[in-house]
Amino acid sequence: MQNPIRIVSTKKLSEKQKQQLLSADFSIYDEDFIRIQNKDFEIETINDYLIFTSQNAVENVLLYNKIAQINNRECFCVGEKTKTLVEQNNFEVIEYSDYASELASVICNQYSNNSFTFFCGNIRKDVLPDALQLARIKFEEVEVYETLLTSHKIDLVPNGILFFSPSAVESYLQENKIDDEICFCIGNTTAEALKYVTTNRIIANQPTVESAIMKCIEYYRQ
C-alpha cells in the first residue's frame with residue numbers, strides 16, 4: 001500500500017486494538033477526546049433492581065465503595081462489557097441488551113411493577129429514563145460521573161475516523177471539521193450525532209471498539 005490509510009481514533013486504543021489497524025497497513029492516530037471524572041454520590045433509596053448502562057458507572061460505584069448499600073440487588077445492563085464487569089464483581093445480571101432502547105422495552109413490558117436505581121453520567125441519553133417515566137415505573141437516577149470534552153486539533157487529513165460516543169463527536173468537532181472522511185461509529189446513537197455533519201457514516205455490527213475497528217478494516221479492504 002503506497003499511501004497508508006490514515007485513521008483517527010477518538011479514544012486511546014489498547015495495543016491489541018491498535019495492532020489490528022497496523023497489521024492492515026493503516027497508520028493510526030489515537031487520542032482521548034473525552035475524559036471521565038468520577039463523582040461522589042449518595043444512594044437515597046434501595047430499589048428492587050440496579051441499572052448500569054456503562055462501564056464508567058460500574059467502576060465509580062465500586063470506587064466509592066457503595067457495595068454494602070446495594071448488595072444482593074440484581075442488575076440490568078446495557079452492553080456486553082458492562083455486563084461482564086458487573087458479573088466480575090459478584091452481582092447477578094438478569095437482563096441485558098446492546099442498546100438502552102432495547103433494555104427499556106424489556107423493563108416496560110416485563111418489570112413494570114418493580115422499582116429501579118439507574119447509575120449514570122451527567123450527559124446520559126434520555127431514552128431509558130423517558131421510557132420508564134412514560135410507563136410510570138418507579139426509578140431513581142444517581143449521577144456517578146461526569147463526561148468532560150477534551151478536544152484536540154488534528155494536524156493530518158484522515159481517511160477515516162473512529163467514533164465511540166456522541167460526546168466524542170461533539171469534542172472532535174470543536175477543533176476539527178469533517179469533509180469526505182468516513183466515520184465509523186460504535187452504535188446508532190453515535191451515528192445519530194453525525195446526522196447533520198456527514199452522510200459518510202458506517203455503524204459497527206456490534207457496539208464494541210473491536211467491532212468498529214473491524215468494520216473500518218473491512219471497508220478499506222473492499
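At what angle do α2 and helix α4 pack, and how far apart are their axes? I started my notes with that one.

**Ground rules.** I'm working on a predicted model, so I kept in mind that local features need pLDDT of at least 70, side-chain atom pairs count only at pLDDT 80 or more, and totals for chains, interfaces and linings use all residues. Residues are numbered from 1 along each chain as its sequence is written, and side-chain values use heavy atoms, with hydrogens and water left out.

**α2 against α4.** I looked up the pair: α2 and helix α4 (residues 80-88) pack at about 20°, axes 9 Å apart. Axes here are lines fitted to C-alpha atoms, for helices over the stretch in contact, and angles run from 0 to 180 degrees between N-to-C directions. Helix labels come from DSSP runs (H or I, at least four residues; strands are E, at least two), numbered from the N terminus. The angle makes α2 roughly parallel to α4; the cut-offs are under 35 degrees for roughly parallel, over 145 for roughly antiparallel, 65 to 115 for roughly perpendicular, and oblique for the rest. I noted the crossing as left-handed, meaning the near helix is turned anticlockwise from the far one by less than a right angle (clockwise would be right-handed). Gln 55, Val 58 and Glu 59 of α2 touch Lys 81, Thr 82, Leu 85 and Val 86 of α4, where contact means heavy atoms within 4.5 Å. I get three nonpolar, two polar and two charged residues there. For the classes, Ala, Val, Leu, Ile, Met, Phe, Trp, Tyr, Cys and Pro count as nonpolar, Asp, Glu, Lys and Arg as charged, and the others, Gly among them, as polar.

**α5 against α6.** On the α5 side I found Ala 100, Ser 101, Ala 104, Ile 107 and Cys 108, meeting Val 127, Leu 128, Ala 131 and Leu 132 in α6. That contact has eight nonpolar residues, one polar and no charged.

**α1 against α9.** Then I checked α1 (residues 15-23) with α9 (residues 209-221): about 5°, axes 10 Å apart. So this pair is roughly parallel too. Gln 17, Gln 20 and Leu 21 of α1 contact α9 residues including Ile 213, Met 214 and Ile 217.

**Cavity.** Which residues lie nearest the centre of the largest cavity? Phe 52, Val 58, Val 61, Leu 62 and Phe 91 do, out of ten lining it. A cavity is a set of points on a 1 Å grid over the protein atoms alone where a 1.4 Å probe fits but cannot get out, and lining residues have an atom within 4 Å of a point.

How values were computed. On a 1 Å grid over the protein atoms alone, a cavity is a set of points where a 1.4 Å probe fits but cannot get out, and a pocket is an open set with protein on both sides within 12 Å along at least five of seven lines; lining residues have an atom within 4 Å of a point.
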